[in-house]
Every structure is written in structure tokens, then in C-alpha cells.
Amino acid sequence: MELEGYKTAWQRRPVEDHTLAYAAHPSRSLSFLRTSVIRDLQRSEEVSRFVFSLLFALIAVGASLIVVPRGVGRWAWWLFAAALLTDGIGGLVLRVRRWRQPVTATMVEFIRREHSQLTAHVRFERFSQWLMAGLAALALLMAIFGPQPVNPREYTFDALGKMAILTAFLAVAWRRAKSRSRERRRELERYLEDLGQ
Amino acid sequence: MAGDAAKEARFQEIVAANRRRILAIASSYVRGDEARDLCQEILLQMWRGLDGFEGRSAPSTWVYRVALNTAITYRRKNGRHAEPARMPVATPASEPAAPSSPGNEILILEEFLRSLGPVDHAVFLLYLEDLSYQEISEVTGLTKSHVGVSINRMKKAFTQRYCGR
């Protein structure tokens, strides 16, 4: 059979599959749309990252005020909170920028735009990683060279606090290093190659 | 409120007129529940983009654009979870399939579409939907000559694989 025969069969095939037809029914679509904007936001990696950052920054500040003695250790915790907030807010800004752009462009424009947005995302993640690494180094220097508490009880809390903050910095930096943004960008580059761009 | 009602009416009209196209694209990229999710994602993107649609292109061209861009993004994001294509029969290149029923032809076309990258998939799908090179060019943003070259390449690959020599 020639390709034209296949093409004719394709155009005549029934696509009104029950579950799909339900999904694309105009009136049901509208009721779906009223709830899906929230669902779309809930699925967003950037929004969950922002919530995580905000909560952990609050915990870091709160815990340091209660547990960590006043001084260098406490400052390290606050630096961590600031880094988390910067990371969360930056991610959210990128998300909002993307949210405002509907997918109505031609495929070439759309993929090119997605690629440039992912490039911005990768740049931001790199900045975030460097920020974490820089602040972790600063916290380490402060922990080593800063004044140590004289009181043995305070000394123990201070040492524990410093170890915890360094672990926290490393954990967040490691999480960022596992990001899939670079893979996604490479994939879009392959699409652009397929499009001859 | 009147604006919302007008938007809803316009949306309903476009969805009703292009329902088959949306279903065809969603079911060609993914299957089952995932196709339903993709369908709804396409509708969501259409709703969000509707305010920017000024009618400079045909509504069907606009729907194809939104649906294909959404499908490509969906497949990219959910690539690991996408259900594998239903293999109709073992069809090695040396033994071209001999479709005996219309259902088998569709399965073979679906298998071929899924063997293509998302971009080629989109172009070949538009060809199967009987759009002209000019219309495919308007949807994809590729030049007409590029569309022609891509389609000829894919037609040749399909013929070699499934139509024998």
C-alpha cells in the first residue's frame, strides 16, 4: 500500500475516544479551566521551591534566635536564610515571566523562546550555586576565625550550630547541582537543530 | 463580566470547531490517561492565549500552533513516563508490514510518528492531517522549502520501512 492510502486511513479514523472526547467537551473544558490554573501552579517546581525556601529561611532564623548563641554562628544562619530567599524569589520571578507568555507562537519561535528562558534559568541556577558556595565559604571562615564563646555550654551549642549550618549549605548546593535544566536546554538545542535553526 | 462571557463563548466556539484536531494531536503524542491530561493542558493553554488571538491567522492554524507547542512541551517534560507505542506487529525493515485492516494502518502510522523526534512528528502529523505546505509553514514557522524537504525525507523513510521497494 502506498503512503497516500495510509494518509486517507488516517484522516478517516475515529478519534472520538470516550475519555478524550470528555476532556475536550467545550462546556466541561470551561469548568476544568476554572480549577486548572491553581493545579498548574501547584505542579510548578519553582513555586514549591519558593515555599520550601521561605519555610526553611524562617526556620533558620527562628532556630538561630533560640538555639544558637549570639555572634558569628547566628550570622551564618542568617546568611543561609538570605541565600535561600534569594534562590526562592529568583526562581519564582523566572516562573512568572514564563507564565505570562502563552504558547501561541509558531513552533520555531516557541522553541527558541523556551530555549532562551531555559538559558536564563541555567544562568540563574549557576548564580545560585555560586552564591551558596560563596556564603558557605564565608560561614566556614567565620566559624574558624570568629570569636568562640567562653562558656562551655554556649560553646557546645555554637559548635553544633556551625556544623548544622555547613551541612545545610552543602545539602542545598548538592540539590542545585542535581538540576535537570542543562539536560532540558540540550534537548531544546536538538529541537532547534531539527528545525534547521 | 460581559467580557468573560464573550471570552467563554468564543472559546467554546473555537473548541467545538477544532475538537477533532485537538483530540488527534493529543492522541498522537501520548496514550490513555496521559492523552486526556494533554488534551486538558492544550485547552488550558488555548484559554490563556485566547486574549492575544487577534484573528490574523485562521482559528485552526492558531489551534494547531497551541496544541503542537503544548504537546511538544508535554512530551519533553514527561518523556520518561510516556507510554510506549503499541506495536502492531513485528515489522523489521526487510519485512514491510502488510496492513489488512484500517486499524492496522493507523497503528503503523502511530508507530512511525513515535519513532520521530517531536519536531518531525509535528510536521508529519500536519502532513497527515492534509495541511498544505503553506499552512504547515504558518503553523511551524519553517519556510515552505524546509517543510517540503522535511516531508519528502520522512515520506521516503516511511515508504522504505513500510511500503516495500
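Of the 197 residues of chain A, 26% count as buried, a residue being called buried if 20 or more other C-beta atoms lie within 10 Å of its own, exposed if 12 or fewer do, and partly exposed in between, with C-beta atoms placed from the backbone. The model is a predicted one, in which local features need pLDDT of at least 70 and side-chain atom pairs count only at pLDDT 80 or more, while totals for chains, interfaces and linings use all residues. Residues are numbered from 1 along each chain as its sequence is written, and chains are lettered from A and ligands numbered from 1 in the order in which they are written.

Chain A holds eight helices and zero strands, where helices (H or I, at least four residues) and strands (E, at least two) are DSSP runs numbered from the N terminus. Along the sequence, the elements of chain A follow the pattern α-α-α-α-α-α-α-α. Among the contacts in chain A with a separation of 6 or more, 83% are accounted for by residues 24 or more positions apart, two residues being in contact if their C-beta atoms, placed from the backbone, lie within 7 Å. Within helix H6 of chain A, which spans residues 107-145, lies Ala137(A). Ala137(A) is exposed because 11 other C-beta atoms lie within 10 Å, and its C-alpha atom is separated by 15 Å from that of Ala82(A), 55 residues apart along the chain.

Chain B has seven helices and zero strands, and its pattern read along the sequence is α-α-α-α-α-α-α. Buried residues make up 39% of the 165 residues in chain B. Of the contacts in chain B between residues at least 6 apart in sequence, 62% join residues at least 24 apart.

Chain B is divided into domain 1 (1-83) and domain 2 (86-165), bounds that come from an automatic or database domain assignment. The contact between these domains takes 11 residues from domain 1 and 10 residues from domain 2 of chain B. On the side of domain 1 that touches domain 2, the elements that give two or more residues are helix H1 (2-29) and H3 of chain B, and the largest share, seven residues, comes from H3(B). By class, the residues on this side of domain 1 divide into five nonpolar, three polar and three charged; Ala, Val, Leu, Ile, Met, Phe, Trp, Tyr, Cys and Pro count as nonpolar, Asp, Glu, Lys and Arg as charged, and the others, Gly among them, as polar.

Helix H3 (residues 59-77) of chain B packs with helix H2 (residues 32-49) of chain B at an angle of about 130°, with their axes 9 Å apart. Axes are lines fitted to C-alpha atoms, for helices over the stretch in contact, and angles run from 0 to 180 degrees between N-to-C directions. H2(B) is therefore oblique to H3(B), given that angles under 35 degrees count as roughly parallel, over 145 as roughly antiparallel, 65 to 115 as roughly perpendicular and the rest as oblique. The crossing of H2(B) and H3(B) is right-handed, a crossing being left-handed if the near helix is turned anticlockwise from the far one by less than a right angle, and right-handed if clockwise. To this contact H2(B) brings Leu38(B), Glu41(B), Ile42(B), Gln45(B), Met46(B) and Gly49(B), and H3(B) brings Val63(B), Val66(B), Ala67(B), Thr70(B), Ala71(B) and Tyr74(B). Taken by class, the contact of H2(B) with H3(B) has eight nonpolar, three polar and one charged residues.

H3(B) also packs with helix H5 (residues 118-128) of chain B, at an angle of about 145° and with the axes 10 Å apart, and H3(B) passes H5(B) in a right-handed crossing. The contact is made by Tyr64(B), Leu68(B), Ile72(B), Arg75(B) and Arg76(B) of H3(B), together with Pro118(B), Ala122(B) and Leu126(B) of H5(B); these comprise six nonpolar, no polar and two charged residues. H5(B) is mostly covered, 10 of its 11 residues being buried, including Pro118(B), Ala122(B) and Leu126(B).

Just after H5(B), Asp130(B) takes a positive phi of about 70°, although Asp130(B) is not a glycine. Asp130(B) is found in the loop between H5 and helix H6 (133-140) of chain B and counts as exposed, with 11 C-beta neighbours inside 10 Å. Leu107(B), by contrast, lies in helix H4 (residues 102-115) of chain B and is partly exposed, because 18 other C-beta atoms lie within 10 Å. The C-alpha atoms of Leu107(B) and Ala157(B), 50 residues apart along the chain, are separated by 17 Å.
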